[in-house]
Structure formats: C-alpha cells, structure tokens
Amino acid sequence: MIQLDEYGYYGKFGGAFVPEMLFSNVEELRKIYVDWIAEPDFQKEFQRLLRDYVGRPTPLFFAERLSEKYQTQIYLKREDLNHTGAHKINNTIGQILIAERLGKTRIIAETGAGQHGVATATVCALKGIRCIVYMGEVDILRQAPNVARMKMLGAEVRPAKSGSRTLKDATNEAIRDWIQNPDDTHYIIGSVVGPHPFPDMVARFQSVISLEMKKQLLEKTGKDYPDHLIACVGGGSNAAGAFYHYLNRKEVGLIAVEAAGEGIDSGKSAATSVLGTDGIIHGSRTLLMQTADGQIIEPHSISAGLDYPGIGPMHAHLIASGRAKAVAITDQEALQAGFELARLEGIIPALESAHAIAALDKLSFEKSEVVVINLSGRGDKDLETYMKFAPK
Amino acid sequence: MNRIEKLFAQKKEGILNIFLTAGYPGLDDMPKLVKTLELAGVDMVEIGMPYSDPLADGETIQASSKIALENGMTLDILFEQIQELRPQVKLPIILMGYFNQVLQYGEHRFIETCKRVGVDGLILPDLPLIELERRYHRLFADAELPISLLVCPSTTEARIRQIEALSTGFIYLVADAATTGNAASINEQQLLYFKRIQAMKLTHPSLIGFGISDKNAFDQASQFAQGAIIGSAFIRAISGLAGEQLHQAAENFVQRII
Ligand SMILES: Cc1ncc(COP(=O)(O)O)c(C=O)c1O
C-alpha cells in the first residue's frame, strides 16, 4: 500500500525538515488541509473554478498516428489545454482557496519553466492578491515568454541569483521569503516537494487528473485504467496527479520520466532516481543529487521544469519500492519527441512533457495495451529552444 | 561540566558568541581567527559548516558559504582544523549546519567525530523538534553532545516547554522572523517577545541571535538573555581580507561590541 503516515512520510521519504521559524506556518497547514479540502463549500468552489475557469475536464485524446507508430493504444491526457497551458493551475487554484481562507494577503511562489509562476500569478490576479514569484536567472532567460506573462498578470518576478540560478535556487529564495514573512504570506509551492503537508496537499489538488482519466478511459476503452501510465517528473506534481488514483492498483504500470540532460554520466543531468541518494532537500527527506558531503549538486536539463536535483518524496518511495519504473530521457531525445508529436498529432508539447513522449521509445508494449501519457503542458514557452534545434 | 555549562555558570550576562564560516575568507583562516577572537574577549564561537543550500541563512552567510566551498572546505578538513585548534583555546566551540550534512556524514560517525575532535555543541536549525524527539535525541544525549534548539517569535509557550525539555545546550532565541543577517535594530515587538520569554524563566541559559549587528543591539539583547550571537555583521567585517588585516579587523570588530 502506498500511504502517507501521520508524520508525513511515504515509507522512509518525506517529513518536514524546516527551521523553527517555519514550523508554525507548516503546522497551521498540516492541521487544516485535509478537512478544508473535504468541505463541501471548498469542493464546490474548487470544482467551479476548475470547470469554468481552467476549462476542465481536459480531454483524453486517442493519438492515432502515434499509436500506429508504436504499435499500441496511446492516449494523451491533455493537461496542455488547461488555462495557462499546463497542469500547474490545478494546484494553484486549490492553494489560493486555502490561502484565502487562512486570511493571507501576500503570495509567494517559485518557478522553473515559469508555468507554475504563471499559474500562481493568474490565480492571484483572479483573487486580487499580491504575488511575488522567484525564478532563477538562468530560467528567466530561457523562459522569457512566461516572465512577460507573469508581469502582465501583475506579479513581481524576483531573480534568484544563487547557486545554479535555476529551480532549486528559486525554491530556496521562496522559503527564505516565507521565513521572513510568516504572518501575511502563503507559499504556493509548485510541485509535490517541500515539507509535509505540501507534497500530499499538492498531490490531492492534482489528483483531478487521474479522477477524470478513470471516467474517460472507462468510456473509451471499457476499463477505467491504463496498462501503462507515463508522466514526466521534475518535482513530480503532474505525475502525482496522474498516478494518484492508481497508486494501489497493481495492474497499472507507473512510469516516471526523468531528465537525463546531456546523458546520465555526462555530469550534466537531472536524473535523480539514478544519480540521487537519500538526503534532505527543501524540507523533505527524499532522493537528491548530492556529493558525499551532502552538498547539493547543480542539475542540468534543457527543460527548466525538470532541472531540479530532487524528486518529491512520494516518487522517491514509488521508485525505491519498485512500484514505479524510472526512465531517463536526454535533451536530444526530448527535442526529437517534441518534433515528432508536433508532426504526427499537431500538438506542440512543453519540453517537460516531450520527455514523457520520448519514453515511448524506451519501453515495449503489447498492441492491445492502453498507454496513457500525461501531456503536462504546451510548448509555446519553448519555441525558441525548439527552433534552435529544428530539423532542417 | 562541559565547556558550555561552565561558561554559563561563570558568566551570567554579556556573553558574546561570534559566528564564523569555516573555510572563509581563506580555507585555513578559521583556527587562527578563533584564537584572535578569544584573545579579543569573545566567549564562544559558532562555526558554520558551509552548505550549498543554506535555507535559514541570509545573503551574507550564503555568500561566505559559497566561497568556503569553492575554497575546498569539507567536513573532514573542518574536523581536522578543530582537532588541532581545540587544545589551543579554552572557549566552547559550537558547530552549526544543516541536517543533511550530518545525515550524509553518518549520524553516528558525525557525533563520534565531534566528540573526538572536541566540538562542544551543535546547532542544526533544520532538524525539527519532532524528528529530534523520535530519532536523534537519545543519540546526542548518550554521546553527551549538547544540542541547542531554536525558539522564535511564533513558537508557542507549550512548544517552548518541549524545546526546553529536549535542548541540552543553551536556547537559541531567534531575534526576529528572519533569516540571518536581516534585522535592523531591536523594535517594540521584539522587546515584547524577549520579555515574554524572560518571564517564562527558562531552565536553560539563552542567547539571542539573527540580526544582531552592533554594540547597541548586543547590549539590548544582553538585557533579556545571557548574551547574543553575531554572525553576518562579523562576516561582513572580515570579508575579502587576509593576513594581518584579517585579524586586525576581527579584533577591531570585537572591541566595538564589548
Ligand atoms: C509543462 C510542465 N510539465 C512538467 C513540469 C514539471 O513539474 P512536475 O514534475 O511537478 O509536474 C513543469 C514544471 O514547470 C511543467 O511546466
């Protein structure tokens, strides 16, 4: 059974390794999140916004030409069709409702690809709440369209200038901000990472993905589950949402796709499940890339959303326990898969999601098997990168 | 009695604890700096084990940690430095760092090494009370390696009592809701907080830290606790210096405080 214990652990991974200055905020959330999310009023508002504002349910699309190529039955869960272009908004809608109930007047977030930043800026605009997004300097350059969107939505984008100047460092800065502003501020974390209860809370908000999937699969295939379920993993929120209702259903093969960067052994990688060891990052005990001395190693991926040296504790547990299989995809393979999906299905995926598509090449399926790929986001933000590598 | 207990038994007020990052400004500067600090009148030192992702630290200490790591500082080098330094100074030497560093070194090996080289106590800000209680308290207690726990403005009274029960060193009163180095002078709200804690009559001695930067703040803090910890301001005072200048700056800094 995949289950969270009372201390916020999945197996040996999880917990809340936060300094005392953050304890009261994290504890406040821990006490209320399960009950509040279950309340009918909360659910009513959450569902209304997901439906009327985000545009849910997102379609489950049978990808005919892709299926033909890989000789199996491939469906795409179209999270790219959400408002703002990725799954990230499922979580930000949920968390802004929590923040509102907590009486918070200032929101902070970290972002890698900028999708979570945009999704946070969006819900803050919707609610008229001040929004500050931390983003690594490197990511600000490579995801310029999303920086512009956040600004247009009224958010302040603060560059994270420490370390590798990517997602890990933006997360550090957001946590430091929260330490300094504990009273008026809620931290909308963007993935299933961070101290308990964040990983579980974010997974619950994202679980709408697999809830819809069950119903859609039943209608389309006659059974409510796929044989293989593929999602990319940065921190792991889209994967957590896609896996959620199948965690304890052994008949579903869970495949977590990580970014190998320039290759697992190249020294420029973000394949945490292979390169990572048990440790603590951003308040959570999980797998992370680190030196023997516990210094966190700067990761690399062409995709800003996967350029993270850890994974959420749930995924660490799923992989360590053998429940999920990890597949590593290089920058090149992801780019190629992005072009393939564009040309075969007329869908330009986010570079993150392109990693999930590329995993098709690494796996084998029966012709009759049902494969669902969680298409976490759209590729508009990545056009500049894609064009640099466009096939002639 | 360990060195921390001895110090607090002998000196009831105005204890000055200086924080410095191991391996900063130069890889080998820490031991000699500690000697300089002791001669200048510092009562205790807190040595930061430089970390790549120091969540509870402000910009100054982050930057010093980065330089220290670039200088090649590792835990093994640090422990060697402390072992050599230990017989040359009398003041308590406290290590401050992040729990992942302890985990990767190996909890048992870390504690044994601390004892062997003469570390007098630990501060691990991201080791939360619940984890300490569930898994580590016994380890530290059996090794008689004191661990100092943090109390901050949002810590409830009930929790402070729990912290008191598990703390084996002094209580570290975080001056403000802040990462290190960020506060200006002590304000009304902080005074109320200090008074509230003082009225609780803690069984452990306490030191105030985070954002204490000058004589004024140090003197004020000393009214509510046995003394204070100064980190970022000291790091700024020695930044970029080497040789004689470095030690002169450290000495001058202390003289401005006490
Ligand atoms: C489209 C898309 N997919 C995936 C991710 C990775 O995040 P997670 O692993 O939390 O789903 C991101 C992050 O920015 C993203 O924008």
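Reader: How much area do chain B and chain A bury between them?

Author: In this predicted model, chain B and chain A bury about 2900 Å² between them. Carbon and sulfur atoms carry 52% of it. In chain B, Asp53(B), Leu55(B) and Gln104(B) lose the most area to chain A. Together they make up 21% of what that side buries.

Reader: How many residues of each chain are in contact?

Author: 39 residues of chain B are in contact with 33 residues of chain A.

Reader: What makes the pair Asp53(B) and Lys168(A) a salt bridge?

Author: The cut-off is 4 Å between a side-chain nitrogen of Lys or Arg and a carboxyl oxygen of Asp or Glu. The N to O distance for Asp53(B) and Lys168(A) is 2.8 Å. That is within 4 Å, so the pair is called a salt bridge. Across the interface of chain B and chain A, the rule finds two salt bridges.

Reader: How many residue pairs are in polar contact between chain B and chain A, and which elements of chain B take part in the touching side?

Author: The count is 20 residue pairs in polar contact, both residues at pLDDT 80 or more. Helices H3 (59-70), H5 (99-105), H7 (129-142) and H8 (157-166) of chain B each give two or more residues to the side that touches chain A.

Reader: Why is Gln295(A) called buried?

Author: Its relative accessibility is 9%. The cut-off for buried is under 20%. Therefore Gln295(A) counts as buried. Gln295(A) sits in the loop between strand S12 (284-288) and helix H13 (313-320) of chain A.

Reader: Which residues does Gln295(A) touch?

Author: Leaving aside residues up to four places away in sequence, Gln295(A) touches Met289(A) and Gln290(A) in chain A. From chain B, Gln295(A) touches Pro50(B), Tyr51(B), Ser52(B), Leu69(B) and Gln101(B).

Reader: Turn to chain A itself. Which domains does the assignment give?

Author: Domain 1 takes in 9-49 + 88-202, and domain 2 takes in 55-86 + 208-388. Their centres, taken over C-alpha atoms, are 22 Å apart. 40 residues of domain 1 are in contact with 44 residues of domain 2. The two domains bury about 3200 Å² between them, with 61% from carbon and sulfur atoms. On the domain 1 side, Phe13(A), Arg142(A) and Lys168(A) lose the most area to domain 2, together 20% of what that side buries.

Reader: How do you know that Arg142(A) forms a salt bridge with Asp307(A)?

Author: The closest N and O atoms of Arg142(A) and Asp307(A) are 2.6 Å apart. The limit is 4 Å. The distance is within that limit, so Arg142(A) and Asp307(A) form a salt bridge. The count between domain 1 and domain 2 of chain A is two salt bridges. The same interface has 16 residue pairs in polar contact, both at pLDDT 80 or more.

Reader: What makes the backbone at His282(A) worth a remark?

Author: Its phi is near 45°, a positive value in a residue other than glycine. Most residues other than glycine have a negative phi. His282(A) lies in the loop between strand S11 (277-281) and S12 of chain A. At 5% relative accessible area against a cut-off of 20%, His282(A) is buried.

Reader: What phi does Phe210(B) have, and is Phe210(B) buried or exposed?

Author: Phe210(B) has a positive phi of about 80° although it is not a glycine. Its relative accessibility is 7%. That is under 20%, so Phe210(B) counts as buried. Phe210(B) lies in the loop between strand S7 (206-209) and helix H10 (215-224) of chain B.

Reader: Which peptide bonds are cis?

Author: The bond from His196(A) to Pro197(A) is cis, with omega near 15°. The bond from Tyr24(B) to Pro25(B) is cis, with omega near -5°. Most peptide bonds are trans. Pro197(A) is in the loop between strand S8 (185-187) and H9 of chain A. Pro25(B) is in the loop between strand S1 (15-21) and helix H2 (29-40) of chain B.

Reader: Why is Ala203(A) called buried?

Author: Ala203(A) has 0% relative accessibility. The cut-off is under 20%, so Ala203(A) counts as buried. Ala203(A) lies in helix H9 of chain A. Beyond residues up to four places away in sequence, Ala203(A) touches Val192(A), Ala240(A), Tyr244(A) and Met314(A).

Definitions and conventions. Residues numbered from 1 in each chain as written. Chains lettered and ligands numbered in written order. Predicted model: local features only at pLDDT ≥ 70, side-chain atom pairs only at ≥ 80, totals over all residues. Heavy atoms only, no water. Domains from an automatic or database assignment. Contact = heavy atoms within 4.5 Å. Buried area = accessible area lost by both parts, 1.4 Å probe. Polar contact = N/O pair within 3.5 Å; in protein donor to acceptor, adjacent residues only side chain to side chain. Helix = DSSP H or I, 4+ residues; strand = E, 2+ residues; numbered from the N terminus. Buried < 20%, exposed > 50% of the residue type's maximum accessible area, 1.4 Å probe, protein only.
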